[in-house]
Amino acid sequence: MNYDFHSLGVDIHGRTGGKIKTHCPHCHAQRKNKRDKSLSVNIDTGQGKCHYCGWIFNLDHPAAGSGTSGSGSHPASHPSAGKLPAHFKRPVFSPSHTLEMSDNAVRWFVEKRCIPQSVLAQARIGQSDEKMPQTGTIVRTINFHYYENGQLVNTKFRDHEKHFKMVAGAELIPYNVDGILGTPEAIITEGEIDALSFMAIGRTDVVSAPAGATGNLDWLDRFVPTHFEDKQCIYLATDEDEKGLLLRQELLRRFGVERCRIVHFSPGCKDANEHLCQYGVESLRIALQQAEELPIEGVLTVDHLADEFRMLFQNGLESGADTGWEMMDRLCTFELGRLVVLTGVPGHGKSEFTDELVLRLCLRHGWRIGYFSPENMPISYHYKKLAEKLTGRRFALDAPGVTWDTFHAVHRFLAQNVSHIYSQVDHTVDNILARARALVCRRGIRIFVVDPMNCIQHQRPEGLTETQYIGELLTRLKAWAVANGVLLILVAHPRKMNRSSQTNTRPEVEMYDINGSAEFLNKADYGFIVVRDETSNLVRLKVEKVKYKHLGHPGSQPFVYDVVSGRYHPCEELKDPSLPAEQRISNVQFDTRSWLTEQAQEAELFTE
């Protein structure tokens, strides 16, 4: 959906998706720091919040603001109930939430939505009077109850204006998840009424996404091994609009095309319930029976790529995911399904830079991370390094500003977003990629880091030269990244670079200097080199290759490395050789904030 941010005076700088920080039109003119971008905007959902003046807007539900279309609000105080608790709690529900529905509500389901009364009873639909956050008024709602093992876990309340809310602090789980336990097949829809529509044709093995068509599938993770791994066939019956297609693509990525089928609805119908209402029970049953199989591997036509082809026609080639390093983002942005090769002299900070890069992508875009990094042992030490980047300070209880609350916040974030592949014996490519594929399915990772490449147990076939073997290996890694929709980052050491006997300095590394083959530069979608100036605290990231123009171009970005937090602060480098090395650094953009605190503030936008 394209939202009119311009009507609110919000500049999204030409971006068409993702989350950005920009200037707040309500307080920017009065701010002393004109560079501070205090307004967080989610372009995909039309929501925003200023962390300085407190202005909030929601273009999807304008009534949530001051009551006029396209408006926002300045709350006197913002509730903290939307913050994720340390552990999900089973809420205590009022018995009134499970009362039988009124005749008018039942008539609406039967006559307007074509849902039989027997299905309503089977699904235990209820009603209650609720105060809705979008309007601030108490109205009669229809209640969709979420059960697991027969126990009530959550409830979604829907009013007649299609406003929704769920129980604060309760866990998001698939709707009707008990219906697919142990079944050979499953149907996944985008909403509860679509799930009821399939129940109307006699299928009880159907679930729906609890939060509709969003890119966040955290709710799916713990149900993959227990409810989905045994499925021989999974029918994807999402809405056939832009958001529904994005949800479908993510489900395909998680479950694999080999056992998924795509349910298409008749012309003029965007979802299962519209199809049921217009064409009836038997037609919806036929639509399910005729669900499309995905294309044979290696054989594609434009028909197979119809959704992607149409989106390219509508939106064109868009820039990729940004990192929040503004000067770096002008050089390159990132896209899933790509291979990044990063190199540099040992000790120059390849792994440290990679860690910050992937954390930034995770925080800004929700891209979960998987590591194969045998050199980062013990793994708890690596988690400590990541914690220091997240908090911006030394991660120890006796450090200033670090508390047990800090520890628990970091622990929650890392547990949810970062996974390590660990094996003491089998470091073969087959084993690494098989475990990484499991992380895609079970944890939904979108970034996979191999650090470093020389820790892989290479099995070069007899008769292949080293260059041929590496070329085939990189081709395989790229194909895996594309097939799984993952940004694969490969950290590779260069060949031995000897110091000059005259200047006692090493020559600068190039991509062609990576140990083993020139194929590293040829096959990579991105080629990065980390170079540390040994006479100062300056680190340069050299972007030697960006394969696609819409994602960026070659160039160089200097940083100052903070040894306490492990963060890289962008700066400018003066090219005056007469100045001492430490004086050539200027305009350092220090960032000492806790990224988790900022993320928690932004999360308030999307929870109730």
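Visitor: Buried means under 20% relative accessible area here, exposed means over 50%, and partly exposed is in between (1.4 Å probe, protein chains only). So what share of the protein chain counts as buried?

Guide: 51% of the 608 residues. Bear in mind that this is a predicted model, where local features need pLDDT of at least 70 and side-chain atom pairs count only at pLDDT 80 or more, while totals for chains, interfaces and linings use all residues. Residues are numbered from 1 along each chain as its sequence is written, and side-chain values use heavy atoms, with hydrogens and water left out.

Visitor: Fine. How many helices and strands are there?

Guide: The protein chain has 16 helices and 25 strands. Both are DSSP runs numbered from the N terminus: helices are H or I with at least four residues, strands are E with at least two.

Visitor: And what fraction of the contacts join residues at least 24 apart?

Guide: 62%, taken among contacts between residues at least 6 apart in sequence. Contact means heavy atoms within 4.5 Å.

Visitor: Let's do F528. Is F528 buried or exposed?

Guide: Buried, at 0% relative accessibility. F334 is buried too, with a relative accessible area of 1%. The ring centres of F334 and F528 are 6.0 Å apart and the planes are at 85 degrees, so the pair is edge-to-face.

Visitor: What are the cut-offs for ring pairs?

Guide: Rings of Phe, Tyr and Trp (its six-membered ring) pair if their centres lie within 6.5 Å; planes under 30 degrees apart are stacked, over 60 edge-to-face, and the rest tilted.

Visitor: Where do F334 and F528 lie?

Guide: F334 is in the loop between α9 and β15 (339-343) and F528 is in strand β20 (residues 526-532), so the pair ties together parts 194 residues apart in sequence.

Visitor: How many aromatic pairs does the structure hold?

Guide: 19. W325 and F353 make a stacked pair, because their ring centres are 5.3 Å apart and their planes are at 20 degrees. W325 sits in the loop between α8 (306-315) and α9 (326-329) and F353 in helix α10, so this pair links parts 28 residues apart in sequence. W325 counts as buried at 1% relative accessibility, and F353 is buried with a relative accessible area of 1%.

Visitor: Which residues do ring pairs link into a cluster?

Guide: W108, F109, F144, Y146 and Y175.

Visitor: Switching to helices. At what angle do α10 and α11 cross?

Guide: Roughly 60 degrees, with the axes of α10 (residues 350-365) and α11 (residues 379-391) coming within 10 Å. Axes are lines fitted to C-alpha atoms, for helices over the stretch in contact, and angles run from 0 to 180 degrees between N-to-C directions. The two helices are therefore oblique to each other. (Under 35 degrees is roughly parallel, over 145 roughly antiparallel, 65 to 115 roughly perpendicular, and the rest oblique.)

Visitor: Which residues make the contact?

Guide: E352, D355, E356, L359 and L363 from α10, and H382, K385, L386, K389 and L390 from α11. They divide into four nonpolar, one polar and five charged. Nonpolar covers Ala, Val, Leu, Ile, Met, Phe, Trp, Tyr, Cys and Pro; charged covers Asp, Glu, Lys and Arg; the others, Gly among them, are polar.

Visitor: What about α6 and α7: how do they pack?

Guide: At an angle of about 135 degrees, with the axes of α6 (residues 272-279) and α7 (residues 281-289) 7 Å apart. That makes α6 oblique to α7. A272, H275, L276 and Y279 of α6 meet V281, S283, L284 and A287 of α7. By class, that contact has six nonpolar, two polar and no charged residues.

Visitor: How many residues of α3 are buried?

Guide: Eight of the eight in α3 (residues 192-199), so this helix is largely enclosed by the rest of the structure. E192, D194 and F198 are among them.

Visitor: Last one: where is C571?

Guide: In the loop between β23 (568-570) and β24 (572-573). C571 is buried, with a relative accessible area of 1%. Its C-alpha atom is 5.8 Å from that of P558, 13 residues away along the chain. Leaving aside neighbours within four places in sequence, the contacts of C571 include M327, L538, F559 and V588.
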